[in-house]
Amino acid sequence: MYVYQEHDQQLLNERVAQYRDQTRRYLAGELSEDEFLALRLQNGLYIQRYAPMLRIAVPYGLLSSRQLRRLAHISRTYDKGFAHVSTRQNVQMNWPALEDVPDILAELADVQMHAIQTSGNCIRNTTTDEYAGVNPKEIEDPRPWCEIIRQWSTFNPEFAYLPRKFKIAVNAVPDEDPAIIGVHDIGVQLVHNDAGETGFQVWAGGGLGRTPMTGAVIGEFVPWQHLLSYLESILRVYNKYGNRDNKYKARIKILVKALGADKYRELVEEEFAELKDGPMTLTEAEVARIQACFTDVEYRSDVDTSKLDALLADNKAFNRWYHTNTRPHKQAGYRAVTLTLKKTGRVPGDISDEQLDAVADLADKYSFGEIRNSHQQNMVFSDVAASDLFALWQELDALGFATPNLGLLTDMVCCPGGDLCALANAKSIPVAESIQRRFDDMDYLHDLGKIDLNISGCMNACGHHHIGHIGILGVDKKGKEFYQVTLGGRGDRESKVGEKMGPSFESDEITDVIEKIIGLYVEKRLENEPFIDTYERIGMDPFKEHIYG
């Protein structure tokens, strides 16, 4: 993984010192609430319902075991002993004291971490496939390109005060979209042309939230040398024409829709004509320098897989976990393993300080000291020898991270909701737990097959409810919590926003409604037909009739 150079560390240390002084001035009354607001947001600090929340950046979801241990230390020293994995592959602390945040940032800087640009109207954390670099389907490793984008976007003064927050995702898998680039402000798809040269298909104008929509292709093939120049051109057009008078109409998706993709592309090409071949042009030497940070680990060539088949045959629980929570690896003899943070009764994405330490130990023991965060609020060991899988499974099971429900109904995405977030209209966590308990039969879950269930507590859509096969949105009706259901969303290559089913439901009804939806699917599906295929075949009307009568 990328290791900070001297200038990286210096910038980080200077930012920590700067924010420490800003916090001192605020607490001394020298800075007003409004003056401090922009400063704390630039350093990832929100004020939530009961306490501040600190969002810690995890660039493209990649962590070392040393960094994970530091997060464990921070969570038990400055928080309430747990951390939360977010859908942008970051980590959130939900109970830090405002006056302790400078000390937390110093602790993070010591292990090459920070909270810079995890909030505010700036370019946020660049994300990618949690299996990047080991995914046998990718055309090349996208992480070096993510790192190049990270270095360009961090502290970029031109984009420090955009009309609204801005999110970029990078994907290197040709026929799938594990990074969900279609619903990002900018989506970057690695492609090879007929000559085998690397370039990028660039999307713009996607996003969820209040007005969800998928993006449009703005650049069909951008040569790798001009990646940053082209991204800068897209952002300049947005910075120039984006709506700053209404925050609900300020995202780039609104601008692209208003102008039309063709007009937006024309404006981008005008900017690009001026920037092309300028100082931002990437060189082979610079790209090679960054790529050298992501070389393969020292894989074993003598991995003994002779006992694996017997273990799979003899142990049903291990067999189920193996086929659900592990996936092929580009290196023979290895698998990528997902740790599901979705055991029944657990808040989706939450992990305690003791568990963070334990996961760090397991990463050192089984996966070269590296961990990934996923968009689905899980964690990944990317490089596990097949001969170690049974032993790892036993240790993960003892920790509660071996639930074999990856991609199934109870592997749900869920924002913190009204239990913590000041923006939420309704609670998300109790809804998630109620559904977990209702569908706790693992045989039944596996019979149902892949179903994406996503829950958000408000229209900001931190739980990505719009792109769930089944989406649940918390809404407020005269001070009472209600839940709106959408069906047919997709967070894959066919990015699609779900359709509202009808009137919302009270909190004590929503689990029954989900059970009825699943029941109709079981009744109507063809043999081995996934939920989303059944829905797209029969449409919304049968579900409406079944639920509303």
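**Sheet and cysteines in a predicted model**

Author: An open sheet of 5 strands runs in the order β3-β14-β15-β12-β11, with antiparallel pairing. Strands are DSSP runs of E, at least two residues, numbered from the N terminus, and two of them pair if DSSP finds at least two bridges between them.

Reader: Which strands stand at the edges?

Author: β3 (62-64) and β11 (326-328), each with a single partner strand, so one side of each has no neighbour in the sheet. The twist averages 30° from one strand to the next, using axes fitted to C-alpha atoms and angles from 0 to 180 degrees between N-to-C directions.

Reader: How many bridges join β14 to β15?

Author: 2, between residues 370-373 and residues 379-385. Asn373 has Met379 in β15 as its bridge partner.

Reader: New topic: how many disulfides?

Author: 0 disulfides (pairs of cysteine sulfur atoms within 2.5 Å). For Cys122, the nearest cysteine sulfur is that of Cys462, 15 Å away. Cys462 is in none either; the sulfur of Cys415 is its nearest, at 6.1 Å.

Reader: Is Cys122 buried or exposed?

Author: Buried, at 4% relative accessible area. Cys462 is partly exposed, at 44%. Buried means under 20%, exposed over 50%, partly exposed in between (1.4 Å probe, protein chains only).

Terms used: Residues are numbered from 1 along each chain as its sequence is written. This is a predicted model: local features need pLDDT of at least 70, side-chain atom pairs count only at pLDDT 80 or more; totals for chains, interfaces and linings use all residues. Side-chain values use heavy atoms; hydrogens and water are left out. Helices (H or I, at least four residues) and strands (E, at least two) are DSSP runs, numbered from the N terminus.
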